[in-house]
Amino acid sequence: MAVAIETRGLTKDYRSPLKEPGLWGGVKSLFDRKYKDTRAVDGVSFTIQEGELVGFLGANGAGKTTTLKMLSGLLTPTAGEALALGHVPWEREASFQRSISLVMGQRSQLWWEIPAYETFKLNQAIYGLSEADFRTHLDELVDLLELGEHLSVPVKKLSLGQRMRCELAASLLHRPKLLLLDEPTIGLDVVMQKAVREFIKAYNARSGSTIMLTSHNMTDVVELCKRVIVIEKGRLLYDGPLDRLVERYADHKIMRARFTTPVDPADLKAFGNVVKYEDSTVTLEVPRAKMAAAAAALLASYPVADLNVEEVDIDDIVRRLFTNS
Amino acid sequence: MSPYWVAYKIALQETLQRRSTLIMDRLGGFAVVVSLYSFWTALIGDKATFLGYTRAEMLTYVLALNVLRSFVFTGRGWQLVGEISSGKISSYLIRPVSYHGYALSLDLAQKTVHVAAAIFEVALLAALAGGEIFLPRDPAVWLMFAAAVVMSSLLFFFLEFMVSCLAFWTSESGGPLFCFELFLQFAAGAFFPLDVLPLALRRTLELTPFPYMVYFPVRVFLEKVPPAEAMRLLGMEALWLAAAFTAAMMVWKRGVRSYAAEGG
């Protein structure tokens, strides 16, 4: 299998002007500007094979988006090297740009006042797709993303979910070999998140494209990615299979129970680690292996009105990963 | 099909889609023309000429201004500023397409709609004014006027593009762009013919590219520039255009480099 992405010591510093507070500070900074360098990505090295679907995790400001921007050629690194599909991304060769796509959940390339179909036609011309290829690719995307009637409605009249799907379609019309997705499910409702996830999975399977995806949504990562790369404060912390990450760092699940009458939280220690007790509702950390038994025992011994079990928040796992290292 | 042609067609659709914006824009421009016209009519009064302009010539100047405003002073500066500060520019930078080619296509679409509207308005006003306007008979004059106007429009496009690129370095580029446009319209003769100004000031302005944008083409149209002089000035305008293009491209390249260094 060929290598799709390879980075070595990828580093990025941002330079931002320092401004003293107040009007006088503003005037001073006009003449004597001081800068502060912030390291957003710090010596990150990894290799991704063609066709892999890799989750890229980290808290806000960890350097995920910066890395994706370097890999798509939007940013030049301060130090280090990267090759994506055999090209140095920030040289922005047309042949490289024709084979990648970067989708940012909060940015739009669609024309606002007119139907998304027009943006698709524009991308057809930009990427030099023949009419036949355009039709085939579009039909496939319309089918996978269930776009149908949305294509002929002005973009401003679409819901966020419909717009995000159109956005994905616009970014995939040219069948990029490398797809960089930054928070593709952000702001979507649960049903829409699922639809987008299923689409990404199907697209990866069907096209064999390499996909790198960042998300705050653990479900996205769990359902899509076998492998994850975790960064924190710009440094690579973990690179390996997801199941090992979850086992190693999230050895427990979160159980929440609401009782019909108040109970003594001290008694609840038997079921797991009590994180919080408030308004007759308890939040417990329970080891994975003991979860079923603990839930059954709790239901049997207390007047439970409502009970649910959740995975640990991804940010929690990442934080744990960070403190453990 | 060329992406620029497709972009042109889409932008045309979008401009027509925003009907109320278009109508407001046109009404605003129309108000300017009517006030300028009333102002100059009052100044001329009973005199045969004023500052070397007959009543018909002055009316023609004012009406030509309406068309030139729509053709020359459109540009994509504000959009560029917005796209840089919002980061939307990224979506162009990662696609295999030239941003200025794309911006020019969109600008051309705007111009198409606005010039069509301006010509309609001018015809209406000319009819209301009793057909008292100056039209050159010599086709060569029309040709020189057209050449001057096409270059003016590109000159404005690239100068404005260059100033808008400030947004790559500062989030406060709107102010400079606004001042620049205001000064440029004054120096171009878009408020009044530059003959109104003291000679020294006019001579100084003539050393800049600005008078080529409105004052010069309209004077060619009014046959106030002898043909040989007009040809020389067209040559000068072409030089200014080449300079503006080169400068705009240089600033753009540096801007994109700094955008790539500082983050989008």
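Which residues of α8(B) are buried? The structure is a predicted model, in which local features need pLDDT of at least 70 and side-chain atom pairs count only at pLDDT 80 or more, while totals for chains, interfaces and linings use all residues. Residues are numbered from 1 along each chain as its sequence is written, and chains are lettered from A and ligands numbered from 1 in the order in which they are written.

The opening question concerns a helix of chain B. Helices (H or I, at least four residues) and strands (E, at least two) are DSSP runs, numbered from the N terminus. Helix α8 of chain B covers residues 174–188. Its buried residues are B:L177, B:L184, B:A187 and B:A188. Here a residue is buried if 20 or more other C-beta atoms lie within 10 Å of its own, exposed if 12 or fewer, and partly exposed in between, with C-beta atoms placed from the backbone.

The buried residues of α8(B) pack against α4 (77–86), α7 (139–164), α9 (199–206) and α10 (215–221) of chain B. Two residues are in contact if their C-beta atoms, placed from the backbone, lie within 7 Å. The length of α8(B) also agrees with expectation, because its 15 residues should span 21 Å at 1.5 Å a residue and its end C-alpha atoms are 21 Å apart. That expected span is 1.5 Å times one less than the number of residues. After α8(B) comes B:G189, with a positive phi near 90 degrees.

Turning to chain A, its secondary structure comprises 11 helices and 13 strands. The C-alpha trace of chain A spans about 65 × 55 × 50 Å along its principal axes, and 38% of its 325 residues count as buried. Among the contacts in chain A with a separation of 6 or more, 71% join residues 24 or more positions apart.

One open sheet of chain A has 6 strands in the order β5-β6-β7-β3-β8-β9, with mixed pairing. Its edge strands are β5 (100–104) and β9 (235–241), each pairing on one side only, and the twist averages 15 degrees from one strand to the next. Two strands pair if DSSP finds at least two bridges between them; axes are lines fitted to C-alpha atoms, for helices over the stretch in contact, and angles run from 0 to 180 degrees between N-to-C directions. Strand β8 (residues 227–232) of chain A runs antiparallel to β9(A) and is joined to it by 6 bridges. A:V228 has A:G240 in β9(A) as its bridge partner.

Another open sheet of chain A has 4 strands, ordered β11-β12-β10-β13, and its pairing is antiparallel. Strands β11 (273–278) and β13 of chain A stand at the edges with a single partner strand each, so one side of each is left without a neighbour in the sheet. Between β10 (residues 252–259) and β13 of chain A there are 6 bridges. A:M255 has A:V309 in β13(A) as its bridge partner, and A:R258 stands opposite A:D306. Of the 7 residues of β13(A), which covers 304–310, the number buried is 0, so the strand lies largely in the open. Helix α10 (residues 291–301) of chain A lies across β10, β12 (281–287) and β13, running at about 170 degrees to β13(A).

The loop between α5 (131–145) and α6 (160–172) of chain A holds A:K156. This lysine counts as exposed because it has 11 C-beta neighbours inside 10 Å. Leaving aside neighbours within four places in sequence, A:K156 is in contact with A:W112 and A:E113.

Finally, the contact between the chains takes 25 residues from chain A and 24 residues from chain B. On the side of chain A that touches chain B, β1 (3–18), α2 (64–72), α3 (94–97) and α4 (116–126) each supply at least two residues. The largest share of that side, 5 residues, comes from α4(A).
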